[in-house]
Amino acid sequence: MSSVTVRHDLRDRFGPSRDQGGRPTCLSFAASDAHAAARGQPWLALSCEYLYYQAKQRDGLKPSAGTTTVAIQAALEDDGQPAEIEWPYLTSLPSNIDDWLPPAARTLYRRQFHTTNPGFNQIWAKIEADIPILMSMTISDAFFTPDERGVVDAWEPEQPTLRHAVVAVATGECAKSRLVLVRNSWGNTWGLSGYAWLSELYLSPRIQDVLNPY
């Protein structure tokens, strides 16, 4: 079985992988980590909880229903987010949603995320230009279990209701196929310590929204 040849790798801009648990907060995690990477070193984990809360004030959806890229963009630009330590991530929402309120943050970091064309070539080019990319996509069963190389390479029907957000952080090649490495928010037991390679075959038809934090 062919191994992966890494071309351009931005993983050193990120801290340890994080875990969203059972909540629909992947977009908040991906945006928070892309934002933190764009701020530069040293790594400062930013509050996913705060960003998710502010996005929910805009999207018109239930707190349990996930959020949108438009709401995340507005929250990052207008409200910003504090360090993770100021409002640590909650494994579940309070039983009384009125108790779900952000603390008074000491420092808020803001950033404008720019919409980028949602194509594999565009994502590849951005990574090669030193820019990690926030990407929402549809996923399928293969995404849940990368192989022993950390690769997801499968021809499976799209499942439009299964949507997820990740950060594209590296380019690579395997047996003449192009791969993009993504940083997930399912903890360090998924893939390669929280990362996995997605083949062009698998990723290209599944790309939805693409945001550039630079």
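**Entry 1: strand pairing.** Two strands count as paired if DSSP finds at least two bridges between them. I note that the model I consulted is a predicted one. With that criterion I looked up strand 3 (residues 133-138) and found that three bridges join it to strand 8, the two running antiparallel. Within this pairing, I recorded isoleucine 207 of strand 8 as the bridge partner of methionine 137.

I then turned to strand 2 (residues 114-115). Strand 2 pairs with strand 8 (residues 207-212) over two bridges, in the antiparallel sense. Here I found asparagine 212 of strand 8 opposite histidine 114.

**Entry 2: helix 4.** I asked which residues of helix 4 (residues 120-128) are buried. Phe120, Ile123, Trp124 and Ile127 are buried. Viewed down the axis of helix 4, these buried residues fall within an arc of 100 degrees, so they line one face of the helix. I also checked what follows: just after helix 4, aspartate 130 takes a positive phi of about 75 degrees.

**Entry 3: the cavity.** I searched for cavities of 30 Å³ or more, and the structure holds one. The largest cavity contains about 40 Å³ of space. I listed its lining residues, among them Cys26, Phe29, Asp33, Val166 and Arg183. By class, I counted six nonpolar, two polar and two charged residues in the lining.

Note on methods:
Residues numbered from 1 in each chain as written. Predicted model: local features only at pLDDT ≥ 70, side-chain atom pairs only at ≥ 80, totals over all residues. Heavy atoms only, no water. Buried < 20%, exposed > 50% of the residue type's maximum accessible area, 1.4 Å probe, protein only. Helix = DSSP H or I, 4+ residues; strand = E, 2+ residues; numbered from the N terminus. Arc of directions from axis to C-beta. 1 Å grid on protein atoms, 1.4 Å probe; cavity = no way out; pocket = protein on both sides within 12 Å on 5 of 7 lines; lining within 4 Å. Points joined across faces, edges and corners; volume = space filled by probe spheres on them. Nonpolar A, V, L, I, M, F, W, Y, C, P; charged D, E, K, R; others polar.
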